[in-house]
Amino acid sequence: MKYFLFIMAFAHMPLLSKANDSLKIENLQKEVNDLKSVVSEIQKEDGRLRDLYQQQTNDLDSLRTLQLQQVENVKSLADRLGADISDANQKIDKNVSTLSESINSRTWLGALGILIAIGLLACTYYMLRRKISSGATTIDKIRSAQEGLETAQKAMQEESVKLDSKLVELLDKKIEATPIPTVNEQADHTLALKVADEIVRIETNLSHMDTSVKGYKQLAKAVERIRTNFLANGYEIVEMLGKPYNEGMKVVANFVSDDTLAEGEQKITGIIKPQINYKGKMIQSAQITVSQNL
């Protein structure tokens, strides 16, 4: 009987071994599936972080593009003011020649101040970008870089407002010093047109700034004062910025696409040259930028 039981137990040993192996394989398969799920989650999280980093990098590139545009605007302003104000001075009475020289000098000094501020901004941008590209992949470091750029941009806006305020003050004095033409004398609109161009440029810059920028409200009031003085002398600077565009306008228009507008909408988003009326008659047609979604 004992031999029989022993033989039976020995005969069932391979079956037990196979059952144990099957159980082990099943457990290993379950562990592999768990590991695959973990790996899949890690890959999804890695992809999400890569997308976030790419988005932040694109934002930084956009800020750099804006900075380069501002550099070009400042250079263009400096060149234009140097040539235009010198041109206008030759047609004004000799009594205001000293004031004209002062305007040219202060304008160049102001442009130099803006270029210095831009240089500081470029250095800040380069240092922040270098830190990010060398491995600053965490969200905190990216936010810190954004805050640094926002601070530098706000400082540049404040410097721009300060210089524009000085320019408005000088232009105001220039207008006051300009002799008023007699009834029979033909009016010279040269200075008025150039001042109007600068006023509209300043208003366009203000439209892209936050009202909390230091000096914003004072500059806006100064611009409004010049507009009032212009109107009293017969000049009207037609307001177009932010208004709808229609095909009947007597303007030179540059069109750009903007998907954020309602379908079919056309809106004036930039003024290159304003429309100027003198005593109800247009003496300068407008050059504008129109954003549209057609």
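Visitor: What makes the way helix 4 passes helix 5 a left-handed or a right-handed crossing?

Guide: Helix 4 passes helix 5 in a left-handed crossing, a term for a near helix turned anticlockwise from the far one by less than a right angle, clockwise being right-handed. The model is predicted, so local features need pLDDT of at least 70 and side-chain atom pairs pLDDT 80 or more, while totals for chains, interfaces and linings use all residues. Residues are numbered from 1 along each chain as its sequence is written, and side-chain values use heavy atoms, without hydrogens and water.

Visitor: Why are helix 4 and helix 5 called roughly antiparallel?

Guide: Their packing angle is about 150°, with the axes 11 Å apart. Angles over 145 degrees count as roughly antiparallel, under 35 as roughly parallel, 65 to 115 as roughly perpendicular and the rest as oblique; helix 4 and helix 5 are therefore roughly antiparallel.

Visitor: Which residues of helix 4 and helix 5 meet?

Guide: Contact means heavy atoms within 4.5 Å. Among the residues that meet are V195, I199 and E203 in helix 4, and V223, R227 and F230 in helix 5. By class, this contact has 12 nonpolar, no polar and two charged residues.

Visitor: Which residues touch the most other members of the largest nonpolar core?

Guide: Such a core joins buried Ala, Val, Leu, Ile, Met, Phe, Trp, Tyr and Cys residues through side-chain atoms within 4.5 Å, buried being under 20% relative accessible area with a 1.4 Å probe, protein chains only. Of its 35 residues, V195, F230 and I288 touch the most other members. Helix 4 gives the most to this core, with nine residues.

Key: Buried < 20%, exposed > 50% of the residue type's maximum accessible area, 1.4 Å probe, protein only. Helix = DSSP H or I, 4+ residues; strand = E, 2+ residues; numbered from the N terminus. Axes fitted to C-alpha atoms, helices over the stretch in contact; angles between N-to-C directions. Nonpolar A, V, L, I, M, F, W, Y, C, P; charged D, E, K, R; others polar.
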